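User: Please take a close look at one helix and its surroundings in this model. I would like one connected account, with the cut-offs stated.

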Amino acid sequence: MTTARLAVLSTGGWEDCFAVRPPRLDCFAVFALGGPAASFLQPDPVHRARHDMYLLYLDESGSHVGSPALVLGGLAIHEHDAWPLQQKIEGMLRSRLPQGLDPSAFELHANEIKSPVRRKTISKWAQVSFRKRLEILHATYRVLAEFRETDAKYPCACFGAVVARQYGDREERAYEEVLNKFDEMLTRQAKELGGAHQKGIVIHDHRLAVERVVQSWTATWRRASGRIGRLTHLVDVPMFADSKASRLIQAADFIAWGLWRYYGDTRDEKWIQPVWARFDKADGIMHGLIHVAPGFRDGTCLCPPCTSRRPGKP
């Protein structure tokens, strides 16, 4: 048996595969120098390999002291659509920034765009007018809502978990819920399409405080069932990268921030509303988003995921 040797399509290491400058795909772009082991990463939308890859980009919001909930959110996209979606986002930003400003110097960080001036820092976004910044926020959500996949059978799907602050294990709960829902989507796809199970890899915004513990949790859930079940589709533990280098990690930030605006103190739905339909769903249930809060158990929470799970819903 031939052993495949994998090389990164980059001169600077695997980190460059997240770069905003144009690689072939915004993902872990690798190729096989021999053998079939990495054939699932070949970007051919017509002749699909036996195992293709889904990329789940994640970010957190509401981790600060006093937040009413911890939010983990992001989007899963098929490898063949990762680069096209990044190009859509890049094109949107390039067409809306004032003339003379370089898009590569501007990270799409939703909270920073909305409020670029803080007590201790002033963001580059401060040089962009308030009207233009709001336009870019809305336009980014529209790109995510309206993106059309190469193959509709493999949709771009949002995922998230919102865990109320009274839960002491809220961070672990959030990751276990999201990773299991992602895993379940890949299982469901294989059953519905009668094909091989897609593989998955998780790419998370760089955050030193949680990296090792999240990787440890995931390694455990891949070996044995946790509170929900065992992860069977992830090829490795989550990888962490600087959000400045990847438009798709930045897209995950928009999902997490939009959820936090809705579930936080403001109850502001206008940001997340365009992408509600993107959350993974089946049989009328919004599987892709979990709201862990007392209001779900007593039937008083009327948010979209809680309502979709309520027995006897209209």
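Analyst: The protein chain holds eight helices and eight strands. Helices (H or I, at least four residues) and strands (E, at least two) are DSSP runs, numbered from the N terminus. This is a predicted model, in which local features need pLDDT of at least 70, side-chain atom pairs count only at pLDDT 80 or more, and totals for chains, interfaces and linings use all residues. Residues are numbered from 1 along each chain as its sequence is written, and side-chain values use heavy atoms, with hydrogens and water left out.

Confidence comes next. pLDDT is the predictor's confidence in each residue, from 0 to 100. The protein chain averages 84, and 82% of the residues score at least 70. Among the elements, helix 3 has the highest mean pLDDT, 98. Strand 2 (residues 30-32) has the lowest, 32. Over residues 1-49 the pLDDT is below 50. Beyond near neighbours in sequence, that stretch has 95 contacts in the model. Contact here means heavy atoms within 4.5 Å.

Of the 314 residues in the protein chain, 52% are buried. Buried means under 20% relative accessible area, exposed means over 50%, and partly exposed lies in between (1.4 Å probe, protein chains only). Take contacts between residues at least 6 apart in sequence: 68% of them join residues at least 24 apart.

Helix 1 covers residues 79-96. The expected span of a helix is 1.5 Å times one less than its number of residues.

Which residues of helix 1 are buried? They are Glu79, His80, Asp81, Ala82, Trp83, Leu85, Gln86, Ile89, Glu90, Met92 and Leu93. Their cover includes strand 3 (53-61) and strand 4 (69-78). Helix 3 (130-146) and helix 6 (247-263) are also among the covering elements.

Aspartate 81 sits in helix 1. Its relative accessibility is 3%, so aspartate 81 counts as buried. Setting aside residues up to four places away in sequence, aspartate 81 touches Phe147, Glu149, Thr150 and Tyr154.

Tyr154 turns up again at glutamine 198, where it is one of the contacts. Glutamine 198 belongs to the loop between helix 4 and strand 6 (199-205). With a relative accessible area of 4%, glutamine 198 is buried. The side chains of glutamine 198 and histidine 78 are joined by a polar contact of 3.2 Å. A polar contact is a pair of N or O atoms within 3.5 Å; within protein, one must be able to donate a hydrogen and the other to accept it, and residues adjacent in sequence count only if both atoms are side-chain atoms. Beyond four places in sequence, glutamine 198 also contacts residues including Asp52, Met53, Tyr54, Leu186, Gln189 and His233.

Helix 4 (residues 170-193) has 24 residues. From first C-alpha to last it reaches 34 Å, close to the 34 Å expected. Just after helix 4, glycine 194 has a positive phi of about 65°.

Proline 103 lies between helix 1 and helix 2 (110-114). Proline 103 is buried, at 4% relative accessible area. Proline 103 and leucine 93 are 10 residues apart in sequence, and their C-alpha atoms are 6.5 Å apart in space. Not counting residues up to four places away in sequence, proline 103 touches Glu90, Leu93, Arg94, Leu97 and Arg247.

Next, helix 6. Of its 17 residues, 17 are buried. At the start of helix 6, a side-chain oxygen of serine 246 reaches to within 3.2 Å of the backbone nitrogen of leucine 248.

The axes of helix 3 and helix 6 come within 11 Å and cross at roughly 105°. That makes the two helices roughly perpendicular, a label for angles of 65 to 115 degrees. Axes are lines fitted to C-alpha atoms, for helices over the stretch in contact, and angles run from 0 to 180 degrees between N-to-C directions. Helix 3 makes the contact through Leu137, Thr140, Tyr141 and Leu144. Helix 6 contributes Ala251, Phe254, Ile255, Trp257 and Gly258.

Notes
Parallel < 35°, antiparallel > 145°, perpendicular 65-115°, else oblique.
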